[in-house]
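Hi,

Here is the structure I promised you.

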Amino acid sequence: MKDDIMCRNENDHSNSDASLNGKPVYEKNKTVLFLSMPKCGTRTFVWTAFSLQQIHYFGPPVNVEYMLGNNEEDKVKNQLLSYIRGASPGAIVHGHYRYIPFYRPERKPVYMSMIRDPVGRFESFFYFMRHGDQDMSREKLLASLAKHRAGPDETLDDCVEKNRSDCSDFLNMNMYVTSFCGYRLKCSQDPEYAFKRAKRNIEKFIVVGLVEDYDLTLRVFEKLLPATFGEAAKIYSDAKARFLARSKTSYKKASSPSTYAVLKERMKYDYMFYEYVKQRFYNVAGRLGLGPCAEPSRITHDPT
């Protein structure tokens, strides 16, 4: 996966004064807004956060309702504000929602997220919604499937061949760019606009990690927000087998090469975004002295 990483990409603007990407935050009790993408390790992240809460004495994680559709921006902003106001100091507010900016200093949270290979994410989500895992029953998930979507016993190959909506709709095929773009109407209608705006919004995130490199992601989290994520990598390492067993989808069938090719083409904007985020992640990790792009760390101590 890391062979195609070109370290110190000249297009990475994380060092600019305006960007928050890759800039450590040493303050305690900073509210974290974690933008969760379906099947991108969120439950593992939250299970880890519950252990961290006991170590660093911040508020319990807060789960936000599902809001990845074409919701009204003001309505979502008010809902998120209610979660932030109701959260205990330092809480991690997480859930499936799109990026929303907050500018007032007293409510300005630390934005974080995590993504993975788009087809891999979609394949995992497709089978999870039809077969569940140790934590989520198949019956409960099937009750939420719309009639026009692929049936409970169809495979991903069937879904693509029959051109079901969940394997062809723009929102399903390009969930990353839509989510990181935000709630403007053009985010759901204009893929070029969504991609460009999603890239700009990455500057507001302290980091966006990678599911494929979960251990390194948590070590980066530790460096960037130590008052919240110190010891996260060890907690995850000690419980990794248990976490993976609980969240492993009960059934999954490998897709054909032709299905993969169709999905990758339909997800081309998400792939462009994924490659952009991946490059930036390894560059940020490198500046912290971690990962394949590691340099001598520029951070030697807490300046406060």
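Predicted model: local features only at pLDDT ≥ 70, side-chain atom pairs only at ≥ 80, totals over all residues.

Counting bonded cysteines along the chain, the disulfides (pairs of cysteine sulfur atoms within 2.5 Å) follow the pattern 1-6, 2-3, 4-5. Residues are numbered from 1 along each chain as its sequence is written, and side-chain values use heavy atoms, with hydrogens and water left out.

There are three disulfides. One joins Cys7 to Cys293, with an S to S distance of 2.1 Å. The torsion about that S-S bond of Cys7 and Cys293 is about -75°, so the disulfide is left-handed. Cys7 and Cys293 sit 286 residues apart, Cys7 in the segment before β1 (32-36) and Cys293 in the segment after α14; helices (H or I, at least four residues) and strands (E, at least two) are DSSP runs, numbered from the N terminus.

Cys159 and Cys167 are linked at 1.9 Å, right-handed with 115° about the S-S bond. Both are buried, buried being under 20% relative accessible area, exposed over 50%, and partly exposed in between (1.4 Å probe, protein chains only). The sulfur atoms of Cys181 and Cys187 are 2.0 Å apart, and their link is left-handed at -65°.

As for α14, 17 of its 20 residues are buried, so the helix is largely enclosed by the rest of the structure. Gly289, with a positive phi near 80°, follows α14.

Best wishes
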